[in-house]
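Trainee: I would like to learn how to read pockets and charged pairs in a model. Can we work through one together?

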Amino acid sequence: MNFKSKLPHVSTTIFTTMSSLANEHNALNLSQGFPNYQSSQKLNDLVANAMNNGYNQYAPMPGNLDLRIAISNKYELLYKSSYHPEKEITVTAGATQAIFTIISTFIKQNDEVIIFKPAYDSYQPSVEVNGGKTITIQLSAPDYKVDWEEVASKISSKTKMMIINSPHNPSGTVWSEDDMLQLQKLTRNTDIIVLSDEVYEHIVFDGEQHQSACLFSDLKQRSFITASFGKTFHNTGWKIGYCCGPDYLMSEFRKVHQFNVFSVNHPAQRGIADYMQDANTYLDLNSFFQQKRDLLLNLISDSRFKFKPSRGTYFQVLDYKAITDKSDVEFAKQLTKDFKLASIPLSVFNENGKDDKVLRFCFAKTDETLIKAAEILCKI
């Protein structure tokens, strides 16, 4: 058959490539961002109870109402910000589906979407498959700071959306209050929708505060926030997330959502709703993951890798310039094959493959795994 691909330049993701290589060479897999330990037994039991108590048919299209109420309560508790559980919160099949649906709802042919690179790899294809064009702001290691004058220069009459991500995957950096105020100033009195990817909102270190889009009144009125229970509760395979936004935007989102997935796993929603009645289930994540970050960094402090401690997410970027001048893709593959440790090269997330000679390692792993990984890193 003859057809023209809508994504002619998209191939197998680096996550699949590196995880497959890790499996092939029996390497420790610190590449793909998933925990190698179990989710809470209490949560698992609550989901099983939901199955046994009849929550096995379609959930309401926007999501189980008790779960939406629990999400609304979380925003009140953490940010003193309100989202109406019936009109402004929708449960999705993971945050990636929420992101794709938001883009599909609002981006048309030749619309421009500003993204900040290195960027999560679903953003650009989601824009392009809907006929839009990505306008890139390239950030650089080690600080990945935003030049807001550059951002202002790239806003045009065609700019319909801006996608932001803090805490930031893959760099582990965190946007400041000033960053968010600059964003609010630039988008005020425009028709630009902000898509704020906040899947790591509960994983921020060293006493810093997550600067959610909902904390800034004008920004909140033009923003979707996407979030992930998989990241929060250590069960990425469940693919349960949600998005929040003002009702005039959310009503449009749901028009597309209902024909995309309609609704998502009902017993998991019911179980998570019950689990979230104890706020400590998500409030304790900062200290939980900071312990893992600190364990890894203390163990590799005398290695040849250089680093700035991750400020958020469960990823740590390591600079290997003192070791080799190989490209990051080449070095990542060598580490996996020869040293049995898999990571992710950041150039694949950059514009034109910009190579800062850094690799991303996931520390959402057991302490035993992190200790073994550190031993390997210290031998290189």
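**Pockets and salt bridges**

Mentor: Start with the lining of the largest pocket, to which α1 (14-24), α4 (94-106), β3 (112-117), α5 (123-129), β4 (133-138) and α9 (229-232) each supply at least two residues. Keep in mind that this is a predicted model.

Trainee: Which element gives the largest share of that lining?

Mentor: Helix α5 does, with five residues. The lining of the largest pocket has 49 residues in total, and T13, F15, Y120, D121 and S122 lie nearest the centre. The volume of this pocket is about 1400 Å³.

Trainee: How many residues of each class are in the lining of the largest pocket?

Mentor: There are 21 polar, 19 nonpolar and nine charged residues. The second largest pocket holds about 300 Å³ of space. It is lined by 22 residues, and P142, D143, Y144, F307 and K308 are the closest to its centre. Strand β9 (residues 315-319) gives the largest share of this second lining, five residues.

Trainee: Now the charged pairs. How many salt bridges does a search of the whole structure find?

Mentor: The general idea is that side chains of opposite charge can pair when their charged atoms come close. Here the search finds 17 salt bridges. One of them joins D356 and K354, with the closest N and O atoms 2.6 Å apart. Another joins D111 and K108 at 4.0 Å, N to O. D66, R270 and D274 are linked in a network of salt bridges.

Trainee: Is D111 buried or exposed?

Mentor: D111 counts as buried because its relative accessibility is 8%, and the cut-off for buried is under 20%.

Trainee: What about R222, which forms a salt bridge with D218?

Mentor: The closest N and O atoms of R222 and D218 are 3.9 Å apart. R222 is buried, with a relative accessible area of 10%, and D218 is partly exposed, at 25%.

Trainee: Let us end with a single residue. Where is S31 placed?

Mentor: S31 lies in the loop between β1 (28-29) and α2 (41-52). This serine is buried, with a relative accessible area of 0%. The side chains of S31 and N29 make a polar contact at 2.3 Å. Beyond its neighbours within four places in sequence, S31 is in contact with M18, S19, A342, S343, I344, R360 and C362.

Note on methods: Residues numbered from 1 in each chain as written. Predicted model: local features only at pLDDT ≥ 70, side-chain atom pairs only at ≥ 80, totals over all residues. Heavy atoms only, no water. Salt bridge = Lys/Arg side-chain N within 4 Å of Asp/Glu carboxyl O. Buried < 20%, exposed > 50% of the residue type's maximum accessible area, 1.4 Å probe, protein only. Helix = DSSP H or I, 4+ residues; strand = E, 2+ residues; numbered from the N terminus. Polar contact = N/O pair within 3.5 Å; in protein donor to acceptor, adjacent residues only side chain to side chain. Contact = heavy atoms within 4.5 Å. 1 Å grid on protein atoms, 1.4 Å probe; cavity = no way out; pocket = protein on both sides within 12 Å on 5 of 7 lines; lining within 4 Å. Points joined across faces, edges and corners; volume = space filled by probe spheres on them. Nonpolar A, V, L, I, M, F, W, Y, C, P; charged D, E, K, R; others polar.
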